[in-house]
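Open the model in your viewer and keep the sequence panel beside it. The tour goes from one selection to the next.

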Amino acid sequence: MNKTPHDLAQMRKSYERAELDEAHVRPEPLDQFHHWFDAAMHAKVLEPNAMTLATADAQGRPSTRVLLLKGADERGLVWFTNYQSRKGQDLAANPYAAMQFFWGELERMVRIEGRVERVSDAESDEYYQSRPLGSRIGAWASQQSAVLSNREVLEEAWKAQQARLGDNPSRPAHWGGFRLIPDRWEFWQGRPSRLHDRIEYRLQADGTWLTQRLAP
């Protein structure tokens, strides 16, 4: 029998830090998210705004990647990327996505699902101009998700764009923001014996949120 390099079957952790009760969560899921996000910031979680984003193409084939959340308000949750990337192409064909935050230090996870739309050009312009210069040039230099023959091709493209654009490049039309408009949230708190707490919010037809407990 072939064995993996590590004994994966025996790797486990007991979650015992906290609990989550539906009677004590915020009525609005966005408020609950901000409450937990603030706790992650206070706990000095490494990149608390790092999230896994899942998309699917027109054939339903899923893919995931880790991105950084750059906005969260009553309109939705925002990130920025190359519209021509694999995720951009997925969302053009199938404008729904799921995102997940895992804050292991707090034994917490948040899952969010919903429809996705592009943010306005003005929002994309504003965020683009707030980025470091090297990253702004990189948005021009990288044809995200395209095949590269080697690293040098990318570095030479960056140098060429740096020479062409100077110190104040404008935002490329193929780069900008997406906003996920949630219709489902789940807040997960690890508990002993794998009897985890899962509180779900589901958007109702009247615009209110139904809050309910899910089995772990």
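**Stop 1**

Start with Tyr-201: its bridge partner in E9 is Thr-211. Two strands count as paired if DSSP finds at least two bridges between them. Helices (H or I, at least four residues) and strands (E, at least two) are DSSP runs, numbered from the N terminus. This is a predicted model, in which local features need pLDDT of at least 70 and side-chain atom pairs count only at pLDDT 80 or more, while totals for chains, interfaces and linings use all residues. Residues are numbered from 1 along each chain as its sequence is written, and side-chain values use heavy atoms, with hydrogens and water left out.

Now select E8 (residues 197-203) and E9 (residues 209-214). They pair in the antiparallel sense, over six bridges. Step along to Arg-202, whose bridge partner in E9 is Leu-210. Then look at the turn. Five residues sit between the strands of this hairpin, and Gly-207 takes a positive phi near 90°.

Trp-185 has Tyr-201 as its bridge partner in E8. E7 and E8 run antiparallel and are joined by six bridges. Is E8 enclosed or open? E8 is largely enclosed by the rest of the structure, because five of its seven residues are buried. Buried means under 20% relative accessible area, exposed over 50%, and partly exposed in between (1.4 Å probe, protein chains only).

**Stop 2: Arg-184**

Select Arg-184, in strand E7. Is this arginine buried or exposed? Arg-184 counts as buried, at 7% relative accessibility. Show its side chain together with that of Glu-186. The two side chains make a polar contact at 3.3 Å. A polar contact is a pair of N or O atoms within 3.5 Å; within protein, one must be able to donate a hydrogen and the other to accept it, and residues adjacent in sequence count only if both atoms are side-chain atoms.

Next, display what surrounds Arg-184. Not counting residues up to four places away in sequence, Arg-184 touches Arg-111, Ile-112, Glu-113, Arg-198, Glu-200, Tyr-201, Arg-202, Trp-209 and Leu-214. Contact here means heavy atoms within 4.5 Å.

**Stop 3: the loop between E7 and E8**

Select Arg-194, in the loop between E7 and E8. Arg-194 has a positive phi of about 60° although it is not a glycine. Most residues other than glycine have a negative phi. At 42% relative accessibility, Arg-194 counts as partly exposed.

Move to His-196, in the loop between E7 and E8. His-196 counts as buried, at 10% relative accessibility. Which backbone atom does its side chain reach? The side chain of His-196 reaches the backbone nitrogen of Arg-191, at 3.0 Å. Leaving aside neighbours within four places in sequence, the contacts of His-196 include Tyr-15, Trp-188 and Pro-216.

**Stop 4: Glu-107**

Jump to the loop between strand E5 (96-103) and strand E6 (108-118), where Glu-107 is found. Glu-107 is not a glycine, yet has a positive phi of about 55°. At 4% relative accessibility, Glu-107 counts as buried.

**Stop 5**

Select Asp-121, in helix H3. With a relative accessible area of 54%, Asp-121 is exposed.

Then select H4 (residues 133-141). Its buried residues are Arg-136, Ile-137, Ala-139 and Ala-141. What do they pack against? Helix H3 (121-130), helix H5 (151-165) and strand E7 (175-189) are their partners.

**Last stop: the whole chain**

Zoom out. The chain has five helices and nine strands. From the N terminus on, the elements run α-β-β-β-β-α-β-β-α-α-α-β-β-β. Along its principal axes, the C-alpha trace spans about 60 × 55 × 40 Å. Of the 216 residues, 37% count as buried. Residues 24 or more positions apart account for 63% of the contacts with a separation of 6 or more.
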